[in-house]
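I opened my notebook to record what I looked up in this structure.

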Amino acid sequence: TAARLSDVDDAERALAGARLAEALEARARFDLRDLDLGARDDVALAVDAVPEGATVIDLRSKAAFAGWHYPGALRLDFDRALAAYRSFERDRRYVLYCEIGMKSGHLAECMRREGFDAAHLDGGLRAAMRCANDLGASAATLNRDEEV
């Protein structure tokens, strides 16, 4: 958000054409004005561990999910999740995570307003990795491809 144009230009030149096109294709867009930053202060909305039996949803890109994900996590694009969460099963507990916790916090807030038992991992991906490490999950169990 505060990069110098010369640094951006240098970084773009360093990317191969196909790699830049792939990065642009994988990007996600959402309107930051729709995020309720105050909701992140709701202690019930943010959790620091995955409760037993919770359905974990990874809101990151397909490539990021393929590289690593929480054991047994399902992957769902953020935009698709925003459009579809009302059709999720209501008798489950959901824990969401994304890169840093903003998208997952927003979706958890939306889900809670609709009566879902939903929270997000406070700290995003780093928190998910810490939780997986606390479980003692091996690399083999961390990379099963499960996508919604």
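**Entry 1: the model**

I noted that this is a predicted model, where local features need pLDDT of at least 70, side-chain atom pairs count only at pLDDT 80 or more, and totals for chains, interfaces and linings use all residues. Residues are numbered from 1 along each chain as its sequence is written, and side-chain values use heavy atoms, with hydrogens and water left out.

I checked the confidence next. pLDDT is the predictor's confidence in each residue, from 0 to 100. The protein averages 83. I found that 82% of the residues score at least 70. Over residues 138–147 the pLDDT stays under 50. For that stretch the model has 24 contacts (heavy atoms within 4.5 Å) beyond four places in sequence.

**Entry 2: salt bridges**

I searched for salt bridges, meaning a side-chain nitrogen of Lys or Arg within 4 Å of a carboxyl oxygen of Asp or Glu. How many salt bridges does the whole structure hold? The search finds nine. I looked up three of them, listed here.

- R4 bridges to D7, with the closest N and O atoms 3.1 Å apart. R4 is exposed, at a relative accessible area of 55%. D7 is partly exposed, because its relative accessibility is 35%.
- D58 bridges to R60, with the closest N and O atoms 2.8 Å apart. Both D58 and R60 are buried.
- R75 bridges to D77, with the closest N and O atoms 2.7 Å apart. R75 has a relative accessible area of 4%, so R75 counts as buried. D77 is partly exposed, at 37%.

**Entry 3: more on R75**

I stayed with R75. Helices (H or I, at least four residues) and strands (E, at least two) are DSSP runs, numbered from the N terminus. R75 lies in strand β3, which covers residues 74–75.

I then looked for polar contacts. A polar contact is a pair of N or O atoms within 3.5 Å; within protein, one must be able to donate a hydrogen and the other to accept it, and residues adjacent in sequence count only if both atoms are side-chain atoms. The side chains of R75 and D77 are joined by a polar contact of 2.7 Å. What lies 3.1 Å from a polar atom of the side chain of R75? I found the backbone oxygen of R60 there.

**Entry 4: aromatic pairs**

I turned to the rings. Rings of Phe, Tyr and Trp (its six-membered ring) pair if their centres lie within 6.5 Å; planes under 30 degrees apart count as stacked, over 60 as edge-to-face and the rest as tilted. The count comes to three aromatic pairs.

One of them joins Y85 and F116. Their ring centres are 6.3 Å apart and their planes meet at 70°, so this pair is edge-to-face. Y85 sits in the loop between α4 (78–84) and β4 (93–97). F116 sits in the loop between α5 (102–113) and β5 (117–121). Y85 is buried at 3%, and F116 is buried at 4%.

F88 and Y94 form a tilted pair, 5.6 Å centre to centre, with 40° between the planes. F88 is buried at 15%. Y94 is buried at 3%. I noted that Y85, F88, Y94 and F116 form one aromatic cluster.

**Entry 5: the sheet**

Strands of a sheet pair through backbone hydrogen bonds, either parallel or antiparallel. Two strands pair if DSSP finds at least two bridges between them. In what order do the five strands stand? I read β1-β5-β4-β2-β3, an open sheet with parallel pairing. β1 (46–47) and β3 stand at the edges, each with a single partner strand, so one side of each is left without a neighbour in the sheet.

β1 and β5 pair over two bridges. A46 stands opposite H120, and V47 has L121 as its bridge partner. On the β4 side, β4 and β5 pair over four bridges. There, Y94 stands opposite A118. Four of the five residues of β5 are buried, so β5 is largely enclosed by the rest of the structure.

Note on methods. Buried < 20%, exposed > 50% of the residue type's maximum accessible area, 1.4 Å probe, protein only.
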